[in-house]
Amino acid sequence: SFRTGQWPSDTNLRIHLGNEGKVYGRGGEGGVGGDGKSDPGESGSRGTSAIGIEYSGGTTIITGRSQAIAAGGGGGGGGGGAGRQEDRGNDRSAGGGGGGGGAGLPGGSPGVGGSGGDGRFVRGDGGGFGTATAGGKEGDGGNNDNEAKGGDGGEGGNLGEDGESGRRGAGDDGTGDGGEGGSSGEWLRKEGNTVQTGGFQGQTFGGSTAGDVS
């Protein structure tokens, strides 16, 4: 969302957010639900980070009283597909639900439900979009006459939180695992550079890391 860039070595660099200022990472995308039988759900994607400190001469973050710096939430994992052999040569199957998008600016897009399968098939529902402050809801797995049930997707993560993993499908002729929830970003990525929070009065959501600023 925001990177300082490089500055001359004698720069007194400050990041000063106004009273209504917010810096949020982008929400991760939800995983797609499995298509049926043993198809697994896709994993949700990672949310992005909020502030990246690239300047090595020391940076001070200053905020007023009401703003937040927040990492984007991870996307929820897609639910696994499921199948059941009911008649010779004719399967029942169901798709997994899509994962919800993670919270952030912008919020993450949801995953669609499982959309295809052999024989008689019931599609899973798609997940919900992430908003600026909340992860999207999970999509329900398809229910094929209570004989093959796709796994529900996972909810998208709230600000600074990982997305939930999708659930496994249920059926006696192959079931797929749910996809893993995406991890959140960090509120601060500092590449080992010096950061002070003098005058910092806001809230943060998510961890910090000395890893590369990307």
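The following dialogue works through several features of a predicted model.

Biologist: How many helices and strands does the protein chain have?

Modeller: The protein chain contains 15 strands and zero helices. Its C-alpha atoms fill a box of roughly 80 × 30 × 15 Å along the principal axes.

Biologist: What share of the contacts in the protein chain joins residues at least 24 apart?

Modeller: Counting contacts between residues at least 6 apart in sequence, 70% join residues at least 24 apart. As for burial, 48% of the 214 residues are buried. The accessible surface comes to about 9,600 Å², and carbon and sulfur atoms account for 40% of that area.

Biologist: How should I read a sheet, and which strands are the edge strands here?

Modeller: The general idea is that strands of a sheet pair through backbone hydrogen bonds, in either a parallel or an antiparallel sense. In this structure, an open sheet of four strands runs in the order β1-β4-β12-β15, with parallel pairing. Its edge strands are β1 (2–3) and β15 (208–209), each of which pairs on one side only.

Biologist: Over how many bridges do β12 and β15 pair?

Modeller: β12 and β15 pair over two bridges, in the parallel sense. Within this pairing, L188 has S208 of β15 as its bridge partner.

Biologist: Let us turn to a residue in a loop. Is N193 buried or exposed?

Modeller: A residue counts as buried when its relative accessible area is under 20%. N193 has a relative accessibility of 13%, and therefore counts as buried. N193 lies in the loop between β12 (188–189) and β13 (195–196).

Biologist: Which residues is N193 in contact with, leaving aside its neighbours within four places in sequence?

Modeller: With those neighbours left aside, N193 is in contact with I53, E54, Y55 and S56.

Biologist: How are aromatic pairs to be read, and why is the pair of W187 and F200 tilted?

Modeller: Ring planes under 30 degrees apart count as stacked and those over 60 as edge-to-face, while the rest are tilted. The structure holds one aromatic pair. The ring centres of W187 and F200 are 6.0 Å apart and their planes stand at 50°, so this pair is tilted. The pair links distant parts of the chain, 13 residues apart: W187 is in the loop between β11 (148–149) and β12, and F200 in the loop between β13 and β14 (203–205).

Biologist: What are the relative accessible areas of W187 and F200?

Modeller: W187 has a relative accessible area of 11% and is buried, whereas F200, at 21%, is partly exposed.

Biologist: Finally, how far apart are the mean positions of the positive and negative charges?

Modeller: The mean positions of the 18 positive and 28 negative charges of the protein chain lie 4 Å apart.

How values were computed
Residues numbered from 1 in each chain as written. Predicted model: local features only at pLDDT ≥ 70, side-chain atom pairs only at ≥ 80, totals over all residues. Heavy atoms only, no water. Buried < 20%, exposed > 50% of the residue type's maximum accessible area, 1.4 Å probe, protein only. Contact = heavy atoms within 4.5 Å. Pairing = 2+ DSSP bridges. Areas by Shrake-Rupley, 256 points an atom, 1.4 Å probe, with all protein chains shown as cover. Lys, Arg positive; Asp, Glu negative; His and termini not counted. Charge placed at Lys NZ, Arg CZ, Asp CG, Glu CD. Phe/Tyr/Trp six-rings, centres within 6.5 Å; stacked < 30°, edge-to-face > 60°.
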